[in-house]
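Please consult the sequence and structure shown here.

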Amino acid sequence: MTWTRWPWRATIRECTLRGHLSQSEARRTGHSDCSKPQKTTQVVPAKLKITRLEAFQVPIPLKSPVQHASFTRTHNDTLIVRCELSDGSVGWGEGLPRTYVTGESIESVWRHLEATDFQPLCGPVLGAPADVVRLLDDFQLAEVAADEGVTPRECFGNAVRCGLELSLLDATGHSWQSSVGELIARLPQAEGLTQRRSHVRYSGVATASTGLRQWRTAMKMRLYGFHQVKVKVGTDGVDDVQFCRRLRRVVGAGVDLRLDVNEAWSPDDVVERLRLLSCFQITSVEQPVCHQHVDRLAEIRPQTSVPIMLDESLCSLEDARRAILVGSCDLFNLRVSKCGGLITCLRLAALARQHQLGIQLGCQVGETGILSAAGRQFACTVGNLRYLEGSYDGFLVKERLTRQNLTIQYGGRAPQLTGCGLGVTVDERRVRQLAESRLRLI
Ligand SMILES: [Mg+2]
């Protein structure tokens, strides 16, 4: 194998030089606290194998119920994956199953974990990020039944794929002393997409509410200084025109407002509903109809000036190719867990670029610091993100599982994570304390 040059030497070396931790301790704990990067001449990456893989089912309660047109959520059943490599490096991943998005539940996740043979992951030696991609591309989950009433698509299993991929990228990042953002930027899949940034700005999200709560939500969006706000519409009992009017009045003309319908509208109503709302300078509408009717958006698009984004109908490369073929959208919403990890998100972003479509990096309600960190790594690595969502941990979850608090700051601003791997330190003791189930995969 030829090796050229790693641009950054990061956390572990700094920590060990400062005498905080021994090198093996820093790798074992996934330590990422000292994060100031330094230029280096050359670091030869270790040749690695996966030696241990564990899965945990961790219930993550939300601070308050979150409602949208498809669901009201009080907690998440979260999949957490721990990966250990032959040099002792440890990485962590997270997957959030959603029945109405990828057809997965925590029960189907567990069926996948129990039925799949993970031993093939132990064979190949990993010497570069491309080896990680090859390993994951060659790996197949077992075929298992979906829950009753669910018709599985290609994305069935993506929460497991995401947890596995993130844990492996995090672990190799610790070993190779590089952030996950730097690792994925070196992949051929990232060619033409990368734009490294030291800071990013996230959108605010205004969830459905009625009466005085609408004014309160609008004031929060203004006081927090968001430059973009996504409005959840289509919820029963909520007057969306009134909600948007109040939001626009409070946040002012300079804030970018967009809609997320969460599949609630009938295809026959989309044009009229957008006509009523477009006077509030709406810049896009996300998933206006349910997946079953998604192809009808191709005939709706020419009838409205509001760009259409796919979310629930955009969970895999197959979904994306179908959308491009029929012309059903203007934008993709990439969410790391529903898409099966960062590498598929890169491929989807490349496809969008090739076909002049826009992209949003989205998130799922109740992500812990692990998925927030993964999103941050992507956001600070990939350019031309029309909108950015995520890092709401401090507002939404009671357990973030990471030592670092990644919650967005005023204006939705957040810095690049410059530590090794995902750039966060997972509280392993807390994961094991909270876990309702655990499974040794390797
Ligand atoms: Mg959505």
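Leaving aside its neighbours within four places in sequence, with which residues is Phe332 in contact? Phe332 is in contact with Leu310, Leu314, Ala320, Leu348, Ala352, Leu357 and Ile359, where contact requires C-beta atoms, placed from the backbone, within 7 Å.

The model is predicted: local features need pLDDT of at least 70, side-chain atom pairs count only at pLDDT 80 or more, and totals for chains, interfaces and linings use all residues. Residues are numbered from 1 along each chain as its sequence is written.

Phe332 is, with Leu247, Ile370 and Ala374, among the residues with the most contacts inside the largest nonpolar core, which has 113 residues. Such a core is a set of buried Ala, Val, Leu, Ile, Met, Phe, Trp, Tyr and Cys residues joined through C-beta atoms within 7 Å. A residue is buried if 20 or more other C-beta atoms lie within 10 Å of its own, and exposed if 12 or fewer do.

Helices are DSSP runs (H or I, at least four residues) and strands likewise (E, at least two), numbered from the N terminus. The buried residues of helix 9 are Asp240, Phe243, Cys244, Leu247 and Val251. Seen down the axis, these fall within an arc of 95° (taken from the directions from the helix axis to the C-beta atoms), so they line one face of the helix. On the other side, Gln242 and Arg249 are exposed. The packing partners of the buried residues are tabulated below.

| Partner of helix 9 | Residues |
|---|---|
| Strand 7 | 204–206 |
| Helix 8 | 212–223 |
| Strand 8 | 228–232 |
| Strand 9 | 256–260 |
| Helix 10 | 270–277 |

In helix 14 (residues 369–379), 11 of the 11 residues are buried, so this helix is largely enclosed by the rest of the structure.

Notes. Two residues are in contact if their C-beta atoms, placed from the backbone, lie within 7 Å.
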